[in-house]
Amino acid sequence: MHMFRDAVYIDSGNGGVTVPDDPEHINRYQLAKIKATGWDGQVVVGVRKNGQDVMPFPGEVFPNLLEAEEGENLPSEQHCGEVVVSQPQRLMTNVIVATSVFMFLHTLLHHRTFFDAHKGFMRSEAAMDHVLEVAI
């Protein structure tokens, strides 16, 4: 039996930048490889309605989220400060992941948004009344 009858679970992650073994001595091939890392990521949404999985949860899509390699910790068991030293992240990649998560949340929680990019104006109307009436 599932713990929650109805749930939406959003998980996000992104790849880190490869850190060279010897930063003082990098050839152009190693530099090219480093520049190509840290640009990827994913946002996965799982949905459960009335106890039934409508969309698979992130751990089912990416089993490595739940299983650590021998001698390693799960990502959730490491502090961000530890991870960022061994695998720094690109700002743009983090912005894209955060924007994707925000878009999922916005879709769930808002019905309409009006904006004017030139004036920097945005107004959204909450959809919670609609969400409560409609099955996911």
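Tutor: Rings of Phe, Tyr and Trp (its six-membered ring) pair if their centres lie within 6.5 Å; planes under 30 degrees apart count as stacked, over 60 as edge-to-face and the rest as tilted. This is a predicted model, in which local features need pLDDT of at least 70 and side-chain atom pairs count only at pLDDT 80 or more, while totals for chains, interfaces and linings use all residues. Residues are numbered from 1 along each chain as its sequence is written, and side-chain values use heavy atoms, with hydrogens and water left out.

Student: How many aromatic pairs does a search of the whole structure find?

Tutor: The search finds one. The ring centres of Tyr9 and Phe57 are 6.1 Å apart and the planes stand at 35°, so this pair is tilted. Tyr9 belongs to strand β1, and Phe57 to the loop between β3 (52-55) and α2 (58-61); the two are 48 residues apart. Helices (H or I, at least four residues) and strands (E, at least two) are DSSP runs, numbered from the N terminus.

Student: Is Phe57 buried or exposed?

Tutor: Buried means under 20% relative accessible area, exposed over 50%, and partly exposed in between (1.4 Å probe, protein chains only). Phe57 has a relative accessible area of 13%, so the residue is buried.

Student: Which residue lies over the face of Phe57?

Tutor: A charge sits over a ring if NZ of Lys or CZ of Arg is within 6 Å of the ring centre and within 35 degrees of the ring normal. Here Arg48 lies over the face of Phe57, 4.5 Å from the ring centre. Arg48 is itself buried, with a relative accessible area of 10%.

Student: How should I read a salt bridge?

Tutor: Side chains of opposite charge can pair when their charged atoms come close. The rule asks for a side-chain nitrogen of Lys or Arg within 4 Å of a carboxyl oxygen of Asp or Glu. The count comes to two salt bridges. In one, Arg48 meets Asp53 at 2.7 Å, N to O; Asp53 is partly exposed at 31% relative accessibility. In the other, Asp6 meets Lys49 at 3.8 Å, N to O. Asp6 lies in the segment before β1 and Lys49 in strand β2, so this bridge ties together parts 43 residues apart in sequence.

Student: Where are the buried residues of α4, and what do they pack against?

Tutor: Helix α4 covers residues 91-109. Its buried residues are Thr93, Val97 and Val101. They cover an arc of only 65° around the axis (taken from the directions from the helix axis to the C-beta atoms), which puts them on the same side of α4. They pack against β1 (7-14) and β2 (41-49). The face turned away from the buried side carries the exposed residues Leu91, Met103 and Thr107.

Student: What pattern does the chain follow along the sequence?

Tutor: The pattern reads β-α-β-β-α-α-α-β-β-α, with five helices and five strands in the chain. Buried residues make up 18% of its 136 residues.

How values were computed:
Expected span 1.5 Å × (residues − 1). Contact = heavy atoms within 4.5 Å.
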